[in-house]
Amino acid sequence: MKLFIRTMCLMAALSSLEGAAFAQIHTPIEAQERTTSERNLTSSPSPLPSQTLNPVVVTGSGHHQRLKSTATPVHVLTAQEIHEQGITNFGDALTRMLPQVSMAPNSMGSFLRLNGLGNKYILILINGQKLSGDISNNVELSRVNMARVKRIEILDGAASSLYGSDAIGGVINIITDQPTQQLIGLTSDTRVSGHGQLTEAVTLDIYKSGFGSYTSYTHDRADSYQNTDLEYKKDSETETQRTIAPLFTGYRSHVLGQKFTYSAGKHWALNAGLDYSDKLTDRPETHPDLPGGTDYEMRYKGLRWTAGGIYKFSAKNSLQATFTGDRFRYGKEYDVATKTNAIGDYVQSKEQRTLEGDLKAILSLVEGGTTIFGANGRKDWLTATSGDIDQHVYTLAAYAQHEQRFLRCMTATLGLRYTNHETFGSQLTPKAVLMASPGDFRLRATYSAGFRAPGLDEIYYRYFSVNRGKAQIIFGNRDLKPERSHYVSLNAEYRSDAVAVSLTGFINRINNMVVRQDIPVDEASRTALRQEFPEMTERQADKLERYSHYQNSDLGDVKGLQVNVSANIFRGFNLSANYAYTYARTKTGGEWVTMERSIRNVATIAANWHHTWGAYSLHVNLNGRLQSETYYTAYEDAPGFGIWNLNTTHTFRACKWAVIEPSIGIDNLFDRVDRRIDSANRKYALYSPGRMLVAGLRIQFK
């Protein structure tokens with residue numbers, strides 16, 4: 001064993017010679033990346049380099065490192081990759097490039113899954129701070145400002161030692177960009193395609209003498225559409241009728257962001273930002289002769305502010321403080337007059353508010369080591385009219401992590417978080433990682449624990465609503481236990497400037513999963529429910545077949561295998577292929593069942609070629625997603641599919657300060673469409689309306 005370690009260390013020592021020059025540079029890694037990126041944007045035309053296979057990441061370890069050096073495996077989607085595929089939507093960025101992610105859009109928020117686990121088990125961060133506000137446990141992803149995305153980092157598995165509650169299935173951290181080299185920059189980015197899909201983003205950046213102002217506005221819209229206008233009548237799989245219910249619900253959204261930064265010399269940096277979002281669905285109105293219409297649209301509004309600063313004692317020692325406030329609310333805005341509401345009336349359903357403060361010290365206390373100490377305080381409020389809730393809860397936490405390099409080729413990370421939840425008391429979540437790094441190889445073993453405190457809705461709900469004449473009743477449960485997970489993974493990786501190959505196997509075991517259990521209604525319970533909800537009519541009560549309440553199920557079990565390959569085949573041509581096998585199950589009442597909406601096999605493939613001739617550059621990107629059937633417990637499984645997209649981008653450098661970049665492409669090249677007739681027993685996995693021409697135009701002034 002000693003001989004094996006010494007051999008790996010010798011290989012590491014030899015390979016480190018090529019990075020000696022990089023190690024002697026004393027500017028932080030993030031600053032180096034920013035300087036290089038901005039120099040490329042303003043330099044004279046030259047052949048474009050292939051994609052970097054070793055970007056900077058922060059999510060896995062809590063401090064900036066090159067991807068090759070981080071002990072915890074992280075997936076990275078860069079702004080360059082997203083742009084080359086012609087993507088302007090956050091959901092598309094994830095699903096086109098990551099096989100372990102799936103998305104199901106609907107009028108109540110996009111249903112996101114990562115490695116078989118649903119939205120409530122995925123912690124979504126913006127610059128390391130939680131994005132709050134959900135609809136039926138689905139975070140409203142339209143709040144993400146894609147115009148400001150620098151990269152998206154995805155961490156698989158439990159990560160509660162650094163990030164606290166909700167980080168059971170994984171963490172998605174959206175890193176935004178604020179240039180610090182140019183004096184002024186203006187960018188307009190437009191994308192249009194079929195079914196009224198339009199995205200328009202405008203950014204204005206000003207930076208001078210340490211002061212930065214970054215303004216952005218994004219408008220996104222899409223029309224509702226159907227792939228078939230038929231549905232099976234209730235309790236029939238042979239008799240059909242026409243419907244106007246959409247497969248995809250249209251919307252209109254706006255995101256406005258403003259951020260200020262100030263750098264006072266080499267040690268101090270301050271920032272403050274504000275983001276406002278507004279979204280309104282665009283569904284067909286109620287029709288006197290056809291089912292599927294609605295009397296109202298869903299309106300969502302979000303307001304998020306951040307303020308913070310960093311003090312750098314030296315290049316490797318800093319103290320950071322961040323404060324975040326978030327308010328999100330949604331409700332019904334009527335566009336059809338009813339007995340109780342006029343056109344234009346707004347009836348709020350739910351409001352969530354959050355205040356959070358985080359203090360973190362990143363220190364180099366010993367040679368080859370990085371230590372993190374942190375403290376976090378958070379308070380959440382929930383007011384839901386339909387759920388009869390007006391509650392709040394606080395969480396206090398302290399955490400520590402130490403990463404140490406030893407024997408020149410080994411790195412170990414140990415972390416621990418103590419959390420005191422107002423309702424569920426104390427929680428300890430540890431993390432341990434060991435990495436061997438002989439040369440360009442990395443061998444990683446990870447254990448991490450996660451926990452999730454049940455939401456205020458799951459605890460206190462007393463929910464009653466009526467949808468299309470049918471009553472829906474949900475009860476919370478004050479006796480719920482926190483969900484806890486144990487995540488183990490083994491990873492082998494080879495990464496050089498030309499090739500990156502990674503193989504990861506993992507197991508994620510979850511205890512006390514909170515599920516919504518359906519309970520059949522009998523005459524006794526029907527009478528009791530009428531007394532509990534006197535607003536329920538006798539007709540609605542007679543139609544009531546079941547009600548729901550939250551409970552802890554026995555166990556969740558997710559096993560998976562991931563293979564990731566990326567290569568710069570030759571200068572200007574990059575090829576990547578990713579595969580994810582996921583076997584996700586839940587055990588309730590002693591019986592194992594496949595987890596709802598899980599997908600066993602998914603692959604994503606992307607080929608990108610670019611070349612420059614003088615002041616003109618051409619980018620060609622072909623990408624595809626291939627997946628097997630999607631499993632449902634109470635519905636028939638949705639069939640698998642394969643989708644391919646082609647995008648070409650044409651860059652014209654008009655002068656030193658202006659770039660014009662038209663693009664044209666085809667989404668769903670082979671016109672794959674799920675035209676199955678809708679029924680009460682049917683769900684969908686493929687939501688594409690078919691082949692569509694896509695056009696875009698980006699104009700940059702720098």
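A: Let us begin with the nonpolar core. The largest one has 25 residues, and those with the most contacts inside it are Ile-82, Phe-90, Leu-94 and Ile-152. A nonpolar core is a set of buried Ala, Val, Leu, Ile, Met, Phe, Trp, Tyr and Cys residues joined through side-chain atoms within 4.5 Å. Buried means under 20% relative accessible area, exposed over 50%, and partly exposed in between (1.4 Å probe, protein chains only). This is a predicted model, in which local features need pLDDT of at least 70 and side-chain atom pairs count only at pLDDT 80 or more, while totals for chains, interfaces and linings use all residues. Residues are numbered from 1 along each chain as its sequence is written, and side-chain values use heavy atoms, with hydrogens and water left out.

Q: Which elements give two or more residues to this core?
A: In soluble globular proteins, nonpolar side chains tend to be buried together. Here the contributors are helix H5 (90–97) and strands S4 (101–104), S5 (111–114), S7 (122–126), S11 (149–156) and S12 (170–176). The largest share, four residues, comes from H5. Helices (H or I, at least four residues) and strands (E, at least two) are DSSP runs, numbered from the N terminus.

Q: What does Phe-90 touch?
A: Contact means heavy atoms within 4.5 Å. Leaving aside residues up to four places away in sequence, Phe-90 touches Leu-141, Val-144, Met-146, Ile-152, Ile-172 and Ile-174. Apart from this core lies another, of 15 residues, among them Leu-155, Leu-162, Ile-362 and Tyr-399.

Q: Why does Thr-95 count as buried?
A: Thr-95, found in helix H5, counts as buried because its relative accessibility is 12%. Its side chain reaches the backbone oxygen of Gly-91 at 3.0 Å. Such a polar contact is a pair of N or O atoms within 3.5 Å; within protein, one must be able to donate a hydrogen and the other to accept it, and residues adjacent in sequence count only if both atoms are side-chain atoms.

Q: How is a strand with two faces read, taking S31 as the case?
A: In a regular strand the side chains alternate between the two faces of the sheet. Along S31 (residues 499–511), Ala-500, Ser-502, Thr-504, Phe-506, Asn-508 and Ile-510 point to one face and are buried.

Q: With which strands does S31 pair in the antiparallel sense?
A: Two strands pair if DSSP finds at least two bridges between them. Strand S30 (residues 483–495) pairs with S31 over 12 bridges, and a hairpin of three residues joins S30 to S31. S31 also pairs with strand S34 (residues 555–570), over 13 bridges; there, the bridge partner of Val-499 is Ala-567.

Q: Which residues of helix H8 are buried?
A: An α-helix has 3.6 residues a turn, so residues three or four places apart point the same way. In H8 (residues 523–532), Ser-525, Arg-526 and Leu-529 are buried. They lie on the same side of H8 because they cover an arc of only 105° around the axis, the arc being that of the directions from the helix axis to the C-beta atoms. The face turned away from the buried side of H8 carries the exposed residues Glu-523, Ala-524 and Gln-531. At the N-terminal end, Asp-522 caps H8, with a side-chain oxygen 3.3 Å from the backbone nitrogen of Ala-524.
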